[in-house]
Amino acid sequence: MGKVVLVTGAARQLGGRFVRRIQRDPEVDRVIAVDAVAPGHQLGDADFVRADIRQPAIARVLAEHSVDTVVHLDVSAKTVGTGGRTAVKETNVIGTMQLLGACQKAPSVRRLVIKSSTNVYGSAPRDPAVFTETTPPKSLPSGGFAKDVVEVEGYVRGFARRRPDVAVCVLRFANILGPEADSPLADYLSLPVLPTVFGYDPRLQFVHEDDVVDVLGIASREPRRGTLNSGTFNIAGDGVLLLSQCSRRLGRPTMPLLLPAVTWVGQALRTVGMTDFSPEQIRLLTHGRVVSTVQMRETLGFHPQFSTAETFAEFARSQGPGLLPPEAVGRAVDRLAAMPCAGAAGDVPGFTGAGDTHPTPSAR
């Protein structure tokens, strides 16, 4: 008998992709897709169970289907369907608590995979250049999705102590991007003009949607020889990009603002529903964040197909040209460079060339 895998968050785009992918694993016999709302995409041959993980009924689902592998993807910064920040927090925190409680009581569960985020490290001015999995944050997140994932990981550590027989894998993803990305940062990068913090150009890392699905598959299977897929791992593409590089590659102009003004703009954007420009995202766009992926490669045995730059290029192609397309800007610069000067430098009265050794009378 193959494994029975339960996947939460199946109504999300990422959850649906993973459900369809894991069905192709020859070791998997059945896939149980769970969400509180019906998905708008196909789930293949998976059994969809409409259940709210915030309710105790999730324990009955685990027991009825003798689930041995749980992949918890319903930890996100955005809600599905109706509901605001309160609904998101309840799903992230209360839902995870209920799910872990159900897993603790289910003797059939042998593997647990948790989708987390590098937001657990926060973003602060005195942060180290690179975070490893054991680096403590300089300043714990005080709210929003970042605080949610800190609480989620705390509950997961408690579960691991109570059920040492369960292999637990926590994947801390950098900013997920791609043609179908659905996140607050993707919404921000889709704005026609990008508000930025004056005087700051943060370093950013990205991970491609395809790589996210691939590494989830590795984490949910038995580890290959010489690897270990239990523990906590940073997941990101190679390299970093500056926010200024991102804006140029998107062809979107930036609007540098003083920090208080950025906060006001963020509140206005949230009010009109354009993007969830939260305080934690403002801190990220101020100080940035870079994580080490050594353990991802050497211990987990995962090598992403896309670098940070390649991931962003895929996202940029899906967005279409911005107000300042790089190709058009480049052609304009070339035309300006080719234009004849109004007058040669030597014809300007009083001009001293770089090679002159004696000043002209007017220069005196």
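A cavity, as counted here, is a set of grid points where a 1.4 Å probe fits but cannot get out. By this rule the predicted model holds 1 cavity of 30 Å³ or more.

## Overall make-up

The protein has 364 residues, and buried residues make up 48% of them. Its secondary structure comprises 12 helices and 13 strands. Among contacts with a separation of 6 or more, 79% are between residues 24 or more positions apart.

## The seven-stranded sheet

Seven strands form an open sheet with parallel pairing, in the order β3-β2-β1-β4-β5-β6-β11. The edges are taken by β3 (47-50) and β11 (231-235); each has a single partner strand, so one side of each is left without a neighbour in the sheet. On average, neighbouring strands of this sheet are turned by 20 degrees against each other, with direction ignored.

The table gives the bridges for each pairing.

| Strand pair | Sense | Bridges |
|---|---|---|
| β1 (residues 3-8) and β4 (residues 69-72) | parallel | 4 bridges |
| β4 and β5 | parallel | 4 bridges |
| β5 and β6 | parallel | 7 bridges |

Individual residue pairs locate these contacts along the strands. Leu-6 has Val-70 of β4 as its bridge partner. His-72 is bridged to Ile-114 in β5, and Ile-114 in turn has Val-170 of β6 as a bridge partner.

## Strand β5

Of the 7 residues of β5, 7 are buried, so the strand is largely enclosed by the rest of the structure. Buried here means under 20% relative accessible area. In a regular strand the side chains alternate between the two faces of the sheet. In β5, Arg-111, Val-113, Lys-115 and Ser-117 point one way, while Leu-112, Ile-114 and Ser-116 point the other way, and all are buried.

## Cavity and pocket

The largest cavity has a volume of about 40 Å³. Its lining consists of Thr-118, Ala-174, Asn-175, Leu-204, Gln-205, Leu-284, Arg-289 and Val-291. By class, these lining residues divide into 4 nonpolar, 3 polar and 1 charged.

The second largest pocket contains about 260 Å³ of space. A total of 18 residues line this pocket, and Ala-36, Arg-54, Thr-79, Val-80 and Thr-91 lie nearest its centre. The elements giving two or more residues to this lining are β2 (28-35) and α3. Helix α3 gives the most, with 3 residues. The lining of the second largest pocket has 8 nonpolar, 4 polar and 6 charged residues.

Definitions and conventions: Residues are numbered from 1 along each chain as its sequence is written. This is a predicted model: local features need pLDDT of at least 70, side-chain atom pairs count only at pLDDT 80 or more; totals for chains, interfaces and linings use all residues. Side-chain values use heavy atoms; hydrogens and water are left out. On a 1 Å grid over the protein atoms alone, a cavity is a set of points where a 1.4 Å probe fits but cannot get out, and a pocket is an open set with protein on both sides within 12 Å along at least five of seven lines; lining residues have an atom within 4 Å of a point. Grid points are joined across faces, edges and corners, and a volume is the space filled by probe spheres set on the points. Ala, Val, Leu, Ile, Met, Phe, Trp, Tyr, Cys and Pro count as nonpolar, Asp, Glu, Lys and Arg as charged, and the others, Gly among them, as polar. Two strands pair if DSSP finds at least two bridges between them. Axes are lines fitted to C-alpha atoms, for helices over the stretch in contact, and angles run from 0 to 180 degrees between N-to-C directions. Buried means under 20% relative accessible area, exposed over 50%, partly exposed in between (1.4 Å probe, protein chains only). Contact means heavy atoms within 4.5 Å.
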